[in-house]
Amino acid sequence: MEVGLVYSSRDPRQLKARDFVINYIKERGILARIVESDEPVESPQVIVNGQRLIDLRKKPRGRGAAMFPDLEAIARILEQHAWCL
């Protein structure tokens with residue numbers, strides 16, 4: 001499995017999402033190649049085997065809005081791809 005992460009290290013929530021992905025994969029013994037990119041983005045971007053988790057918002061994010069993808073969405077996509085291999 002290949003997991004791409006694009007995140008801003010200046011945002012503690014995005015760092016938490018990054019750490020969550022790495023720990024989730026490690027704790028479950030999932031064989032994965034993780035490709036990271038630290039860029040100034042508003043929300044982390046997670047790409048698993050070429051499939052990007054996308055935000056379906058109709059309006060721009062407001063200040064203090066929930067981050068997407070959240071940890072639950074990340075876990076769900078990682079689990080789906082781990083079982084599909």
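Trainee: How many salt bridges does the structure hold?

Mentor: This is a predicted model, and the structure holds 6 salt bridges. One of them is formed by Glu2 and Arg33.

Trainee: What makes the contact between Glu2 and Arg33 a salt bridge?

Mentor: The criterion asks for a side-chain nitrogen of Lys or Arg within 4 Å of a carboxyl oxygen of Asp or Glu. The closest N and O atoms of Glu2 and Arg33 are 2.6 Å apart, so the pair meets that criterion.

Trainee: Are Glu2 and Arg33 buried or exposed?

Mentor: The label "exposed" requires over 50% relative accessible area, and "partly exposed" lies between that and the 20% limit for buried residues. Arg33, at 52%, therefore counts as exposed, whereas Glu2, with 38%, is partly exposed.

Trainee: Which residues are linked in a network of salt bridges?

Mentor: The network links Arg18, Asp19 and Glu36. Arg18 pairs with Asp19, where the closest N and O atoms are 2.7 Å apart, and Arg18 also pairs with Glu36, where the corresponding distance is 2.6 Å.

Trainee: How do you know whether Arg18 is buried or partly exposed?

Mentor: A buried residue would have to fall under 20%, and Arg18 has a relative accessible area of 22%, so it is partly exposed. Asp19 at 35% is partly exposed, and Glu36 at 36% is given that label as well.

Trainee: Why is Gln14 called buried?

Mentor: Gln14 has 1% relative accessibility and the limit is under 20%, so Gln14 counts as buried. Gln14 lies in helix H1 (residues 12-27), and the side chain of Gln14 reaches the backbone oxygen of Val41 at 3.0 Å.

Trainee: How many aromatic pairs does the structure hold, and why is the pair of Phe20 and Tyr24 called tilted?

Mentor: The structure holds 1 aromatic pair. The ring centres of Phe20 and Tyr24 are 5.6 Å apart, and their planes stand at 40°, so the pair is tilted. For comparison, planes under 30 degrees apart would count as stacked, and those over 60 as edge-to-face. Phe20 and Tyr24 both lie in helix H1, 4 residues apart, which is about one turn of the helix. By accessibility, Phe20 is partly exposed at 24%, while Tyr24, at 7%, counts as buried.

Trainee: Which residues of H2 are buried, and what do they pack against?

Mentor: The buried residues of H2 are Ala73, Ile74, Ala75, Ile77, Leu78 and His81. These buried residues pack against S1, H1, strand S3 (45-48) and strand S4 (51-52).

Trainee: What makes S1 and S3 a pair of strands?

Mentor: Pairing needs at least two bridges, and 4 bridges join S1 to S3, so the pairing holds, with the strands running antiparallel. Within that pairing, Val3 stands opposite Val48 in S3. S3 and S4 are paired over 2 bridges, also in the antiparallel sense, with Ile47 opposite Arg52 in S4.

Trainee: What lies between S3 and S4?

Mentor: S3 and S4 form a hairpin with 2 residues between them, and Asn49 in the turn has a positive phi of about 50°.

Trainee: What pattern does the whole chain follow along the sequence?

Mentor: The protein chain has 2 helices and 4 strands, arranged along the sequence as β-α-β-β-β-α. Of its 85 residues, 35% count as buried.

Technical notes: Residues are numbered from 1 along each chain as its sequence is written. This is a predicted model: local features need pLDDT of at least 70, side-chain atom pairs count only at pLDDT 80 or more; totals for chains, interfaces and linings use all residues. Side-chain values use heavy atoms; hydrogens and water are left out. Buried means under 20% relative accessible area, exposed over 50%, partly exposed in between (1.4 Å probe, protein chains only). A polar contact is a pair of N or O atoms within 3.5 Å; within protein, one must be able to donate a hydrogen and the other to accept it, and residues adjacent in sequence count only if both atoms are side-chain atoms. Contact means heavy atoms within 4.5 Å. Rings of Phe, Tyr and Trp (its six-membered ring) pair if their centres lie within 6.5 Å; planes under 30 degrees apart count as stacked, over 60 as edge-to-face and the rest as tilted.
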